[in-house]
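Please look over the model below before reading on. My notes follow as numbered points.

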Amino acid sequence: MHEAVDELLRPPVELPPPSIRAELRRAHQLTQQQVAEAIGVHRVQVVRWENGQAEPRNPHRRAYLRLLEGLASQHPEVLNLSTPG
């Protein structure tokens with residue numbers, strides 16, 4: 001029971017912009033279906049997260065963030081493309 005309360009008290013997790021989410025996935029040659037299966041959602045949810053129609057909620061949000069952070073560490077060039085200047 002305390003874990004559920006603790007989860008509610010955690011601050012929201014910041015995700016990269018939707019376009020960067022898709023670029024990170026593509027850089028690692030992952031399909032939306034693969035991402036969806038790994039996180040435990042339907043593919044249409046990943047589509048919505050990548051086009052900005054929806055935002056993931058916990059616990060899927062934390063799992064998605066972990067994936068995106070891992071992809072960003074392996075593909076820093078994607079983040080560099082999104083930085084102005």
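**Notes on the core and helix packing**

1. The largest nonpolar core has 15 residues, of which Leu24, Ile39, Val41, Val46, Trp49 and Tyr64 touch the most other members. Such a core is a set of buried Ala, Val, Leu, Ile, Met, Phe, Trp, Tyr and Cys residues joined through side-chain atoms within 4.5 Å. Buried means under 20% relative accessible area (1.4 Å probe, protein chains only). Elements giving two or more residues to this core are α2 (18-27), α3, α4 and α5 (60-74). α5 gives the most, with 5 residues. Helices are DSSP runs (H or I, at least four residues) numbered from the N terminus.

2. This is a predicted model: local features need pLDDT of at least 70, side-chain atom pairs pLDDT 80 or more, while totals for chains, interfaces and linings use all residues. Numbering starts from 1 along each chain as its sequence is written, and side-chain values use heavy atoms, without hydrogens or water.

3. Helix α3 (residues 32-39) packs on helix α4 (residues 43-51) at about 110°, axes 8 Å apart. That makes the two roughly perpendicular (65 to 115 degrees). Gln32, Gln33, Val35, Ala36 and Ile39 of α3 meet Arg43, Val46, Val47, Trp49 and Glu50 of α4; contact means heavy atoms within 4.5 Å.

4. There is 1 aromatic pair. Tryptophan 49 sits in helix α4 and tyrosine 64 in helix α5, 15 residues apart. Both are buried.

Key: Axes are lines fitted to C-alpha atoms, for helices over the stretch in contact, and angles run from 0 to 180 degrees between N-to-C directions. Angles under 35 degrees count as roughly parallel, over 145 as roughly antiparallel, 65 to 115 as roughly perpendicular and the rest as oblique. Buried means under 20% relative accessible area, exposed over 50%, partly exposed in between (1.4 Å probe, protein chains only). Rings of Phe, Tyr and Trp (its six-membered ring) pair if their centres lie within 6.5 Å; planes under 30 degrees apart count as stacked, over 60 as edge-to-face and the rest as tilted.
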